[in-house]
Amino acid sequence: MPLFGRRGSAKETTLFFATDVHGSERTWRKFLNAAAFYRADVLVMGGDVMGKLAIPIIREAPGRYRATIHGRVERLETEQEVQRARERIGALGFYDVVMDEDEYAATRADEQAVDRLWRDLATERLARWIELAEERLGPKGIRCYVSGGNDDLLEVMDTLPREGTRSFVGVEGQATPIDDQHVIVSLPYVNPTPWHTPREAPEEELSRMIDAALAGVTGFDHAIFNFHAPPKDSTLDTCPLLDASTDPPSQVVRGGQPVLHGAGSTAVREAIARYQPLLGLHGHIHEAQAAARIGRTLCVNPGSEYGEGVLRGVLVHLSDGKVRSYQMTTG
Amino acid sequence: MATAAAIPEVFVRKSSGLVRVMSPSSAFIYNVLTMGLIFPWTYLWAPGALPGGQLVWGILLAMALEIPIALSYVWLSTAFPRTGGDYVFQSRVLGGGVAFTLVFSGFVIWILQWVALSGWLLAALGFAPLFLGLGAATGSAAFVDAATFFTTAEGIIITSIGNALVAMLILVSGFRNYVRLQRVMWVAILVSFATMLIVLATTAAADVPARLDAFSAAIGGSPTFTADAIAAAEAGGVNLRPEFSLLATLLVAPIAWTSLQWATYSSQQNGEIKSAGSFRSQAFIMVGALVLTGVLLALLAFVLERAIGSEFLYVAGAGYWGAADVSLAGSYLWPNIIATAIANNPLVTVLIAAGFILNAHQIVHNCYIGMTRVMLAMSFDRLLPEWVSRVSERFHTPVNAHVVYFLASIPVIWLYNTFTYGEGDGTVTWTSLTLGVTFACGYVFVATALAGALLPFRAKTAYEASPGAAYTIGGFPLVTVVGLLGAAFGVVFLYLFLTNEQLGLTSQLAYTVVGGVLLFSAAWYLIAKTLRRQAGVDVGYAFREIPPE
């Protein structure tokens, strides 16, 4: 037996969790490759897969375009330059759409057209991501469990469940076994935010959603809570306090300084304290990379740096109803 | 070609997002404070050890040579605008083993000595001049005795431990409490520095000897202090009128680097800085702070030399360097003490002392803030124990890391103030290793500058997505040019440290300590890696980029 090695012969599951990729092509591709790279048995995506920004590549004349990237207008004179710009936009987590001047002006002036644009771009990218997951993970027999988060539109996430996939499993709002021992329960909703994002709910309602998702789950010592919202005041949720009365929300400053607070959910915290699952996987607060224990439950938020094309994640080794070890990764 | 967009032609969706708390101006202030307008070594170490060296030119040279290093950090910060600084930059570009060994040795371990230096600065340049000035103004022997106490090893050790403890408690209670304090420190230091400059610049050089004599008499010392000091220096064999020496001027630069090498320290907190990905913001934060601080330090050297004259500057240096017994009740003639003495005014005394006390105390905050974040990152990477990275639910701060760093600083404080090795002329004190921390942190900065040079090749995607990618020379990445220049300049500094005894790092003790800390860090990495592997954890995963394709 190795001096610092693991004991026992129980089957071990290595799970890789990442979250909040926000449409970033590069981080999604890294996420799919993480299984082979880290020798993980299971991949879990914690939500917020939709991008936040769409950049129109505006056709000014045949073969001449412009696009605003990093706040600067770039002139694109060849198809190669357009293609390179599209790749950069995708790596940054943004969507791109090629439009004529008139089309851009008309879309911009019509709120419903903008909504349709978002839905179409996000649905198209998600479909492509699912195909890519099947292509890369299917032959290896690795499962990839994906839930949305508060920033993901319901009508886009409704396209998650797929028939006949080998690897990709949409797991929103339900309990799903990931191997012979463990079950993952996912919840995309979060407690109210100053941004009024698509999927938020008051704490009481969140509590009811959690209870509904947990219905039928037995043996919480083998359960994994993949709840997008981190538990309240757990250090997985530390961020600046924001004033929701301004648009966009602004920092609350007292004594000349920004106030930090825990933006997590009390309902999530209470559920973890009550059910004591094996593991809590959380996201939502990108800057709060942390791990903490609530009773026996290890809760982890690996944070997110999707904007730089960096895949933050956590690698967790599970067996015998215990977390054998975990490791934050920066891929 | 690219131009700024008047109204960005993009569609933005309502969604939650990361909010950064530190403004670019706060980060700029943070860097200026970290560079330490009060760091005094250049002003006495250089005249004491380097006759013929020109302080102003040495300081400006250090500033000029630091510019390419700082520019390299600008590129790296816009490519990796997140918390972690050198450890992140080096681990992404040079690999985890190199990054851990250099940053753990050069920063985490050696910066413990900065905790000791902060306590020394607080006692010797903060409290001692305060009580000395008050003693002169009131004629109270108790004040003078208190001033002398703060120049003794016992006084400095007590001050240093108290200083470190108070900073730890403030930071553990929440980062915002420190940020609130930072504003007060900034104002106090500017007022203090301006007061010191005004006193030194407006006092007629001919009046200075008499004023020093009067101050000395007021604290119970010699009424002919200036003449006595000059005589003591000459008796000690000090040449008070040396000819200009290019080499000595060149060697002033590594001492001045003790301040100016910290121009880029805000990169440790990039994840908390607004517009951290903006090239212009980062250039303002780092290069701007460097130039401002360099000019201010050179200005201080200029007015100091103008006020007391070159000859007496060598006398003051001789006191610090141990060639002559030149002090005011145990205090060497640092610029702030000279300004306090020639003003001999209680208000001026308090204004100058307040800035030095707060800046000295602020340095220990910087040590904790920067190093606890690095320790957290190393703990997440599984190279330090897991409990190091635990964050208090109550305070939202890494309490364990702070406590560990405080406890580790106590033996270093003791060593710095009491350790001697050898006998007679061969006696070496730990104080002679003061610039060891400049050397050690210097090799971290050099490695990061090199990481900047290699950024376009070793982290191609991050580089190409960053705004710095737009800057090239004939298609060649400009960051590679400035990174190589910065690394080369840094290597020159390191070489000067290792080969010139005037900088204090050529003793057997120095080689042993510098080499030992490096070897210890490398061994720690290898042992941690091996043990983690046995437990099923590959620490390399913390650094290696996953190929997207």
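In the predicted model, the axes of helix 5 of chain B and helix 15 (residues 346-380) of chain B come within 11 Å and cross at roughly 150 degrees; axes are lines fitted to C-alpha atoms, for helices over the stretch in contact, and angles run from 0 to 180 degrees between N-to-C directions. That makes helix 5 of chain B roughly antiparallel to helix 15 of chain B (angles under 35 degrees count as roughly parallel, over 145 as roughly antiparallel, 65 to 115 as roughly perpendicular and the rest as oblique). Helices (H or I, at least four residues) and strands (E, at least two) are DSSP runs, numbered from the N terminus. Helix 5 of chain B contributes B:Phe100, B:Val103, B:Phe104, B:Phe107 and B:Val108 to the contact, and helix 15 of chain B contributes B:Met371, B:Val374, B:Met375 and B:Met378 (two residues are in contact if their C-beta atoms, placed from the backbone, lie within 7 Å). By class, this contact of helix 5 with helix 15 of chain B has nine nonpolar, no polar and no charged residues, where Ala, Val, Leu, Ile, Met, Phe, Trp, Tyr, Cys and Pro count as nonpolar, Asp, Glu, Lys and Arg as charged, and the others, Gly among them, as polar.

Helix 5 (residues 96-109) of chain B also packs against helix 4 (residues 86-93) of chain B, with axes that come within 7 Å and cross at roughly 155 degrees. Helix 4 of chain B is therefore roughly antiparallel to helix 5 of chain B, and the crossing of this pair is right-handed. From helix 4 of chain B, the residues B:Asp86, B:Tyr87, B:Gln90 and B:Ser91 meet B:Gly96, B:Val98, B:Ala99, B:Leu102, B:Val103 and B:Phe107 of helix 5 of chain B. Six nonpolar, three polar and one charged residue make up the contact of helix 4 with helix 5 of chain B.

In chain A, six strands form an open sheet in the order 8-7-2-1-21-22, with mixed pairing. Its edges are strand 8 (168-170) and strand 22 (322-330) of chain A, each with a single partner strand, so one side of each is left without a neighbour in the sheet. The twist averages 20 degrees from one strand to the next. Two strands pair if DSSP finds at least two bridges between them. Strand 1 (residues 13-18) of chain A runs antiparallel to strand 21 (residues 312-319) of chain A, joined by six bridges, and A:Leu15 has A:Val316 as its bridge partner in strand 21 of chain A. With strand 2 (residues 42-45) of chain A, strand 1 of chain A pairs in the parallel sense over four bridges; here A:Phe16 stands opposite A:Leu43. Strand 21 and strand 22 of chain A pair in the antiparallel sense over eight bridges, with A:Ser325 in strand 22 of chain A as the bridge partner of A:His317.

A further open sheet of six strands in chain A has the order 9-10-11-18-20-19, again with mixed pairing. Strand 9 (175-177) and strand 19 (290-294) of chain A stand at its edges with a single partner strand each, so one side of each lacks a neighbour in the sheet. Neighbouring strands of this sheet are turned by 20 degrees against each other on average, direction ignored. Strand 10 (residues 183-187) and strand 11 (residues 223-227) of chain A pair in the parallel sense over five bridges, and A:Ile184 stands opposite A:Ile224 in strand 11 of chain A. Helix 6 (residues 203-214) of chain A packs on the sheet and touches strand 9 and strand 10 of chain A, its direction making about 150 degrees with that of strand 10 of chain A.

The contact between the chains takes 68 residues from chain A and 45 residues from chain B. Helix 1 (residues 25-38) of chain A supplies the largest share of the chain A side, seven residues. Strand 3 (residues 53-61) of chain A pairs with strand 2 (residues 11-12) of chain B in the antiparallel sense over two bridges, and A:Ala54 has B:Phe11 as its bridge partner.

The predictor gives the complex an ipTM of 0.84 and a pTM of 0.80. Residues are numbered from 1 along each chain as its sequence is written, and chains are lettered from A and ligands numbered from 1 in the order in which they are written. In this predicted model, local features need pLDDT of at least 70, side-chain atom pairs count only at pLDDT 80 or more, and totals for chains, interfaces and linings use all residues.

Key. A crossing is left-handed if the near helix is turned anticlockwise from the far one by less than a right angle, and right-handed if clockwise.
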